[in-house]
Amino acid sequence: MEETFNKLKRAFDEEREVLAKEREKFEAERKVFENEVKLVNKLTKKNTVDEIITLNVGGVKTTVKRSTLTQIKGSLLELMFNGTWEDKLDHDKEGNIFLDFHPYSFNKVIEYLRERLLVDEKEKVPLPVISHEEEANFKRLVTFLNLNELVPKERKDVFDSIMADDALLISESGSKVQKIGGDEHSWIKGREKIASGTHTWKLKIEEFTHWMLIGVIRATENMIPFSYSLSSAFGWGGFSGEVYMSGLKSNTGWGQWQKGQNVELTVDVEHKQLKLKVNNGVQHTMNLVGDGPWQP
């Protein structure tokens, strides 16, 4: 009797183990199926107002889904394309909605919105890379459209004692630097390493008694007191209009550093250009040779 009971118990345990494995397999397959459904739903969102719309943006035609335009709640695009007000919008001769926006900037908005639909809700979509010449236009457009998450945030780069030599005094906030020792050359870099896009740094020269160069250098370069002579150094310096390109000096007479000057230094990685503007005056430009990332 006991032997029969044990056989039955073993058979029962084996059957339960098989069922547990089958259930585990079923759960795994169910999760795969649910993920597939989510992915398909992203591509084929079914709702009563979703459709493909052709827009005429400043003379350039673009085709986009309604759900792409209306996904950011509270934006002007959501209001314009929610199906209520389109008859009130301007149309071209072919019946397409006409938007008198800059095509480049609007296309960057559409690229961002398309990518935003493809990622998980918790995932952050990187802001589009905007050329330096179009930054102001893009900011005005996204502000007008009430696309707050697309408004470029002002970055603040700071000086860091790790990226400077010992003859410099850096304020606690990292916003000011002062030379405190000797007449030999010193060096300092910002923290940001620029590998893409367009970036501008704003500086003010509060005191100026020594020779100085302001520019960029490849982030991987080992700094030395005469770093301006290295092959990846580019910038403007001195008392008599010196320009350094790939560490080589030439005298262009661009001007000179003076106390009280407001300086804007811009690096455009895409076009490999470095730009300088002093006191909102004439812009000076030089071509960068080689690849970054760059540091100011």
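Student: Is Asp-291 buried or exposed?
Tutor: This is a predicted model, where local features need pLDDT of at least 70, side-chain atom pairs count only at pLDDT 80 or more, and totals for chains, interfaces and linings use all residues. Residues are numbered from 1 along each chain as its sequence is written, and side-chain values use heavy atoms, leaving out hydrogens and water. Buried means under 20% relative accessible area, exposed over 50%, partly exposed in between (1.4 Å probe, protein chains only). Asp-291 has 52% relative accessibility, so the residue counts as exposed.

Student: Which residue meets the side chain of Asp-291 in a salt bridge?
Tutor: A salt bridge puts a side-chain nitrogen of Lys or Arg within 4 Å of a carboxyl oxygen of Asp or Glu. Here the N to O value is 3.1 Å. The partner of Asp-291 is Lys-272.

Student: Where do Glu-51 and Arg-66 lie, and how many residues apart in sequence are the parts they tie together?
Tutor: Their closest N and O atoms are 2.9 Å apart in a salt bridge. Glu-51 sits in the loop between α1 and β1, and Arg-66 in helix α2, so the pair ties together parts separated in sequence by 15 residues. Helices (H or I, at least four residues) and strands (E, at least two) are DSSP runs, numbered from the N terminus.

Student: Is Ser-105 buried or exposed?
Tutor: Ser-105 belongs to helix α4. Beyond four places in sequence, Ser-105 touches Glu-134, Asn-137, Phe-138 and Leu-141 (heavy atoms within 4.5 Å). Its relative accessibility is 0%, so Ser-105 is buried.
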